[in-house]
Each structure stands twice: as C-alpha cells, then as structure tokens.
Amino acid sequence: MGLLVMIVGLVLFFGIHTLTTQRKLRAGVVASMGEGGYKIGYSLASAAGLALIVWGFAHYRATGWIDVWSPPTAFKHIAVALMLPAVIMVVASYIRGRIYTTLKHPMLTGIKLWAAAHLLANGDLGSIILFGSFLGWAVFDRISLKRRPDAGAPPIPVGGPGNDLIAIAGGIVAYLALAFAFHPVVIGVPVVGA
C-alpha cells in the first residue's frame, strides 16, 4: 500500500513539475486560471504530491520493505561524501555566484547528485523507485531547459565570489543539520554509522 501511495505522489509531484517544461500548455493553463490561480494550484498539487511521497515511503519502510540488492558499506560512505557538494549546489542556486554561473543549473545538478548518492547507498525497491524518479526527472528537466524557447522566470542578479563563500558556508551548515538532525530524527536512519 505504501509503495503505491508513494508512486501516486511521485506521479502527481513530477506531473505538475513537468507542466513547467511544456511552455505552450503552461501558458494555456495560466490563461484559463490566471497567474495567481496557476501558482496556487501548482503549489497545492506539489504539496499534495510531496505529502503522498513522504507518507507512502514511510509506510513502505515500516511495513513492506523489499530488498533488491545489498550495497557495500563503502557505497554508504561515498553517499555521505557526495551529499556535501549536493547540498552546497542547492544552496548556490539561491545565493548566486560563480558556482551558479559555472553549473548553470546548480539545483538540478544538486538533485542529480543527491539522488545518485542515495541510489548508491540504498538497495531496496522503494528507494530505487524514489531516488531513481528524482534522478530521471532532474535529467529530463535539464535537457528540457536547453530546448525551451524562454528562460521561464525573470533573471535573478548573480553576485561574485562572496556569494560563493556564503553558499558554501550555508551548504555546510545545511549539510550538518540534515546529517545530524533531520536524517536520523525524520527519516529514522542515522547518517554516521549507517
């Protein structure tokens, strides 16, 4: 049951996010609902999808775990190491500096690295579906960005190396919070010694 709910959540979450990549379809939806209505609907659908993913995955972990393969312990350590640059990249997508201009889409790069790291560390069916979906979507979205006729959003000013230092410091703080507070408490799996 949990796996099915998670999959429904993934379809809803990525379905609404894929709407953004379809510029003509998105424009038609915005024209019919208005910009505000579109943003409210988009936010509600995203939140509902995310809630179903979280609930479904938690239920799956508690009641229906299905092992596919057993990752070597070294893969878990590699995953922990990969998460630091992944988190820094996500932070750099909001605090724009040279990391942003070099990677062009650090959010998608960070999501790809996060998903790949978790695929290395987890060999159960639910994790493969969850993280594989995020990896596949991030690859799809990056390819679609190259083919879109417009940037999609107004440009945000890009700062210099100072913003990179802030992004790195913020990324390190976020990484430590995720590793030592969020992951063991919310996910139920300690990162260190996992």
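## Salt bridges

A salt bridge is taken here as a side-chain nitrogen of Lys or Arg within 4 Å of a carboxyl oxygen of Asp or Glu. This is a predicted model, in which local features need pLDDT of at least 70 and side-chain atom pairs count only at pLDDT 80 or more, while totals for chains, interfaces and linings use all residues. Residues are numbered from 1 along each chain as its sequence is written, and side-chain values use heavy atoms, with hydrogens and water left out.

A search of the whole structure finds 2 salt bridges. In one of them the side chains of Lys39 and Glu35 meet at 3.9 Å, N to O; both residues lie in helix H2 (residues 23–63), 4 residues apart, or about one turn of the helix, where helices are DSSP runs of H or I with at least four residues, strands are runs of E with at least two, and numbering starts from the N terminus.

Arg26 counts as buried at 17%, whereas Glu35 is partly exposed at 36% and Lys39 is partly exposed at 49%.

## Aromatic pairs

Rings of Phe, Tyr and Trp (its six-membered ring) are paired if their centres lie within 6.5 Å, with planes under 30 degrees apart counted as stacked, over 60 as edge-to-face and the rest as tilted. The count by this rule comes to 10 aromatic pairs. The rings of Phe13 and Phe14 have centres 5.3 Å apart and planes at 75 degrees, so this pair is edge-to-face; Phe13 is buried at 13% relative accessibility, and Phe14 is buried at 10%.

Phe14 also pairs with Trp137, the ring centres being 5.6 Å apart and the planes at 25 degrees, so that this pair is stacked. Because Phe14 lies in helix H1 (residues 2–21) and Trp137 in helix H6 (residues 125–147), the pair ties together parts that are 123 residues apart in sequence. Both Phe14 and Trp137 are buried, and ring pairs link Phe13, Phe14, Trp114, Phe131, Phe134 and Trp137 into a cluster.

Val185 has its place in helix H7 (residues 161–187), and with a relative accessible area of 68% Val185 is exposed.

Conventions: Buried means under 20% relative accessible area, exposed over 50%, partly exposed in between (1.4 Å probe, protein chains only).
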